[in-house]
Structure formats: C-alpha cells, structure tokens
Amino acid sequence: MRVLVCVKRVPAPGARIVVTDDGQSVDTNLLGFTVSPHEECAVEEAVRIVEAHGGSATVLTLGPAEAEEQVRTAFSVGATDGVLLETTVADWDPVATAKAITESIRSLEESGGAFDLILFGNESADSGGFQVGIRVARALGRPIVSGIKGIDVGDGSITARRETPHGSEVYELPLPAAVAVKEGINLPRYPTLKTRMSAKKLPVEKIAVEPEPGAQSKVRLETPPTKASSVEVLGHGPDAAGAVVDVLEELGILG
C-alpha cells in the first residue's frame, strides 16, 4: 500500500488566539503549533495500514518553513516520507489549497506511482472548512467518503465505516481512493526520544508553491466578543438567609 496523508499546521488546542491590530492575521508570537487532531489520527491510521500490509506512508503539508516540524513529528510516529509545500504567503483559502495539493500529488505520482489511499482529516482545527479533501479527490477523479471512524483494507478496495445516531454506515471504495477520517478512529501513539532523534535525520522534500489568484479573499479576522457576566451579592452573614430562600423558591427547589 502506498498511502498519502495530508495534514495542516494549526495552533495548539486551547491556545488563546490574538488577532493583529490590522485584522489581517493571527499574532503567532506566543503560539505553539501542532497537527489538527483529525489529521493526527489520519497519520496513525496510515502507519497502521503500512505496518499491516507493507508499503509507505507519506505525509504532505502546505505551510511556512516552520511546518517542517509537523512533518518530522509524523516521522517520529512511523511515517516514511515527507513533503512540505513551502510558501511565504499566509492567506490560503480552501480552493487555492486544494489546487496546490492536487498538482503536487499528480507530480509525486508521476515520479513514484499512484497512491493507493489518500487520507485527510475530516476538517482542520482552525478554519474547519470541510472542503480540501473533497476538492482534491474530485480533481483527481477518486471516490471519497468523510466522517470515517473505521477502515479495513481488502484486495483492491477498502471498507470504511461512518458512525451515525442510529448505527453505522459502511462504504466499499475501489482503490485508489480518498478518505476523510475523524478523531477517534484510533488512539495515536506518542513519539519516543529515540524516534524523535531519528526523525531529525530523515529528508523532507520541499516544493515551493504560491496561491493562484481568483479564489476567495479575506476581508478581516475578528474574534468573538467576550460574554459579560455579572454577580449579585444577596447579603452578608445571617442577613442573607432570607434572600437565599427566595432564590431557592424561584428555582423550584423549595416547595
């Protein structure tokens, strides 16, 4: 199996996002970065498939030079090859991103053969567009299913399972195919000190890319307003007892 995983460099979960004064970008001075959780599971799934069936697991990301860190993290958990679509442009909408990834996949397949399976995260942790994987698969003419929490590899096909409120949906896709997986499909392994050191020595293929004009354009970024809260002091000491009883009665706690 020749498996490709597309990942995205995103701010670490729980980080406080601060927008620059001009409203055009996120202030990254104090931010840590990681791979989107869905895509972290996609990397783990690719490694498991290769461990079970042989082959290679290639990780591809689009981003600044610093995104090489995310590729090397994938190396440290078992990925065999890495590609960085390096850019100095910060604004990449889903249309431009999908087009650059599609063209890069075609180039990689011309030199190394077709990927049997291309894995995406169901959506990125920052913009949550749900678009890139579907756009890439359509451009490549390959079937894709999203929201997947189980993959079984067969002879020339895969079976993918999607959970629903009423059970599961099962899809059989002929290879080559694409799948967008959700967090929970597996439990990603942690890198060890040894694998982290080994990951630093592996080569990362770098391809310079620029977004093509004519796609979506950003107007400005805005953070949602903080919800104001207020506290009312009912009283102090024994004098507050009557007010507390009134509140409990309003809540229906006291009959």
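Colleague: Which residues touch the most other members of the largest nonpolar core?

Modeller: In this predicted model, Val3, Val5, Val43, Leu117, Leu119, Ile151 and Val179 touch the most other members of that core, which has 35 residues. The elements giving two or more residues to the core are β1 (2-7), α1 (37-53), β4 (56-63), α2 (68-76), β6 (117-121), β7 (144-153), β8 (157-164) and β10 (177-181). The largest share, 7 residues, comes from α1.

Colleague: What does valine 3 touch, leaving out residues up to four places away in sequence?

Modeller: With that exclusion, valine 3 touches Ala46, Ile49, Val50, Ser56, Ala57, Thr58, Phe115, Leu117 and Leu119. A second, separate core has 22 residues, among them Ile118, Phe120, Ala137 and Val209. In soluble globular proteins, nonpolar side chains tend to be buried together.

Colleague: What makes α2 mostly covered?

Modeller: The count is 7 buried residues of 9 in α2. These are Glu68, Gln70, Val71, Arg72, Ala74, Phe75 and Ser76. Just after α2, glycine 78 takes a positive phi of about 125°.

Colleague: Why does glycine 141 count as exposed?

Modeller: Its relative accessibility is 65%, and exposed means over 50%; glycine 141 therefore counts as exposed. Glycine 141 belongs to the loop between α4 (132-140) and β7. Its C-alpha atom is separated by 27 Å from that of aspartate 91, 50 residues apart along the chain.

Colleague: How do you know that the charged end of arginine 2 sits over the ring of phenylalanine 115?

Modeller: The distance to the ring centre is 4.1 Å, and the limit is 6 Å, with a further condition of within 35 degrees of the ring normal. The charged end of arginine 2 is accordingly assigned to a position over that ring. As for aromatic pairs, the structure holds 0.

Colleague: Where is proline 11 placed, and what does it touch?

Modeller: Proline 11 is in strand β2 (residues 9-11). Not counting residues up to four places away in sequence, proline 11 touches Ile17, Leu31, Gly32, Phe33, Thr34 and Asp126. The C-alpha atoms of proline 11 and valine 35 are separated by 8.2 Å, the two residues being 24 apart along the chain.

Colleague: What is the omega of the peptide bond from leucine 175 to proline 176?

Modeller: Omega is near 5°, and this bond is cis. Proline 176 lies in the loop between β9 (167-174) and β10. Most peptide bonds are trans.

Colleague: How does the radius of gyration of the chain stand against that of a compact globule?

Modeller: A compact globule of 255 residues would have a value near 18 Å, whereas the chain has 23 Å. Along its principal axes, the C-alpha trace spans about 80 × 45 × 45 Å.

Note on methods: Residues numbered from 1 in each chain as written. Predicted model: local features only at pLDDT ≥ 70, side-chain atom pairs only at ≥ 80, totals over all residues. Heavy atoms only, no water. Phe/Tyr/Trp six-rings, centres within 6.5 Å; stacked < 30°, edge-to-face > 60°. Core = buried A, V, L, I, M, F, W, Y, C linked by side-chain atoms within 4.5 Å. Buried < 20%, exposed > 50% of the residue type's maximum accessible area, 1.4 Å probe, protein only. Helix = DSSP H or I, 4+ residues; strand = E, 2+ residues; numbered from the N terminus. Contact = heavy atoms within 4.5 Å. Rg over C-alpha atoms; globule rule 2.2 N^0.38 Å.
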